[in-house]
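Hi,

Here is the structure I said I would pass on. Have a look at it first, and then read my notes below.

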Amino acid sequence: MSNQPLLEVRNISKGFDGTGVLDGVSLTIREGEVLVIVGPSGCGKSTLLRCINGLEQIDSGEILLRGETISGKKKNLVSVRQRVGMVFQSYDLFPHLDVMGNLLLGPTKALKRPKAEVEQEALIALRRVGLEEKAHALPRTLSGGQKQRVALVRALLMKPEMLLLDEITAALDPEMVREVLNVVLDLARDGMTMAIVTHEMRFAEAVADRVIFLENGKIIEEGPPAEFFHHPKTQRARQFLDTFVYETAKNGEQG
């Protein structure tokens with residue numbers, strides 16, 4: 001992991017219809033770092049990722065990528081979204097295109113790259129995530145886990161400098177979660193810079209270099225995963241984590 005900051009978020013605030021969602025959030029993500037963002041529903045996690053990607057305009061503050069301000073510049077939004085890839089829980093695959101068609105669209109249209117070159121890269125990437133045989137399958141024939149792996153490959157083919165992953169396993173059945181998380185773990189091992197919003201606490205502990213806990217649009221606590229998950233500093237973080245311990249125990253009893 002590099003000590004150089006890849007992304008800097010400086011005191012950003014964001015509200016909707018007069019209701020504050022982010023309140024003076026500041027953070028830095030170093031090149032090669034995996035930052036995991038956790039917190040209760042409605043705390044601003046997804047909004048933070050959408051602001052970084054330019055899907056939401058911030059009300060105040062500044063966001064910088066490699067020292068260049070990327071917030072508030074509508075002219076360079078396409079460039080920002082190429083450099084900062086984002087994967088959602090809803091897949092967003094085009095239903096009328098097969099897997100390869102979905103993968104080729106961005107690199108050939110937005111980046112103007114040769115189709116044959118991108119197709120070769122796409123096949124290698126599909127092989128890596130165990131989906132080479134699905135290259136010409138339509139999205140409706142895929143499982144949720146397969147669709148999400150395709151969405152990850154699609155984002156990677158745009159050659160982003162970092163990835164934002166927003167609850168990418170939230171819509172999946174439990175047995176499909178593992179196959180998606182394994183792909184993300186592989187990306188982390190390869191040094192991909194990522195900011196991940198998740199409710200999968202075991203996965204968060206395994207993949208994170210650093211964890212941020214958000215509540216009411218503010219960073220309440222942050223630290224390395226071993227410290228946050230086993231020795232949280234704040235009472236609120238302890239309460240939050242205790243919920244997941246209870247749910248795990250309850251599910252174990254039911255099983």
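How many cavities of 30 Å³ or more does a search of the whole structure find? The search turns up 2. Before I go on, please keep in mind that this is a predicted model, so every value here is computed from it.

**The cavities**

The largest cavity holds about 80 Å³ of space. It is lined by 13 residues, and the closest to its centre are Cys51, Gln57, Ile70, Ser71 and Gly72. Two helices, α1 (45–53) and α2, each supply at least two residues of that lining. Sorted by class, the lining of the largest cavity comes out as 7 nonpolar, 4 polar and 2 charged residues.

The second largest cavity has about 30 Å³ of space. You can find it by picking out Leu165, Glu167, Ile168, Thr169, Ile196, Val197, Thr198 and Phe203, which line it. That set splits into 5 nonpolar, 2 polar and 1 charged.

Next, the second largest pocket, with about 620 Å³ of space. Its lining takes in 24 residues, and those nearest the centre are Arg81, Met86, Gly106, Arg154 and Met158. Two or more lining residues come from each of α2 (77–83), β6 (84–87), α3 (99–109) and α5 (144–156). Which element gives the most to this lining? That is α3, with 5 residues. By class, the lining of the second largest pocket has 16 nonpolar, 5 polar and 3 charged residues.

**How the helices pack**

Two of the elements that line the pocket, α3 and α5, also pack against each other, at an angle of about 25 degrees and with their axes 8 Å apart. Angles under 35 degrees count as roughly parallel, so α3 is roughly parallel to α5. The crossing of α3 past α5 is right-handed. On the α3 side you will see Val99, Asn102 and Leu103, which meet Val150, Val153 and Arg154 in α5. The residues of this contact are 4 nonpolar, 1 polar and 1 charged.

On to α5 and α6 (residues 174–189), which pack at about 20 degrees with their axes 8 Å apart. These two helices are therefore roughly parallel to each other, and α5 passes α6 in a right-handed crossing. From α5 the contact uses Gly144, Gly145, Gln146, Gln148, Arg149, Leu152 and Leu156, and from α6 it uses Met176, Glu179, Val180, Val183, Val184 and Leu187. Here the classes are 7 nonpolar, 4 polar and 2 charged.

What about α3 and α4 (residues 115–128): at what angle do their axes cross? Roughly 130 degrees, and the axes come within 10 Å. The pair is therefore oblique, and α3 passes α4 in a right-handed crossing. In α3, the residues Val99, Met100, Leu103, Leu104, Pro107 and Thr108 meet Lys115, Val118, Glu119, Ala122, Leu123 and Leu126 in α4. This contact divides into 9 nonpolar, 1 polar and 2 charged residues.

Notes:
Residues are numbered from 1 along each chain as its sequence is written. This is a predicted model: local features need pLDDT of at least 70, side-chain atom pairs count only at pLDDT 80 or more; totals for chains, interfaces and linings use all residues. Side-chain values use heavy atoms; hydrogens and water are left out. On a 1 Å grid over the protein atoms alone, a cavity is a set of points where a 1.4 Å probe fits but cannot get out, and a pocket is an open set with protein on both sides within 12 Å along at least five of seven lines; lining residues have an atom within 4 Å of a point. Grid points are joined across faces, edges and corners, and a volume is the space filled by probe spheres set on the points. Helices (H or I, at least four residues) and strands (E, at least two) are DSSP runs, numbered from the N terminus. Ala, Val, Leu, Ile, Met, Phe, Trp, Tyr, Cys and Pro count as nonpolar, Asp, Glu, Lys and Arg as charged, and the others, Gly among them, as polar. Axes are lines fitted to C-alpha atoms, for helices over the stretch in contact, and angles run from 0 to 180 degrees between N-to-C directions. Angles under 35 degrees count as roughly parallel, over 145 as roughly antiparallel, 65 to 115 as roughly perpendicular and the rest as oblique. A crossing is left-handed if the near helix is turned anticlockwise from the far one by less than a right angle, and right-handed if clockwise. Contact means heavy atoms within 4.5 Å.
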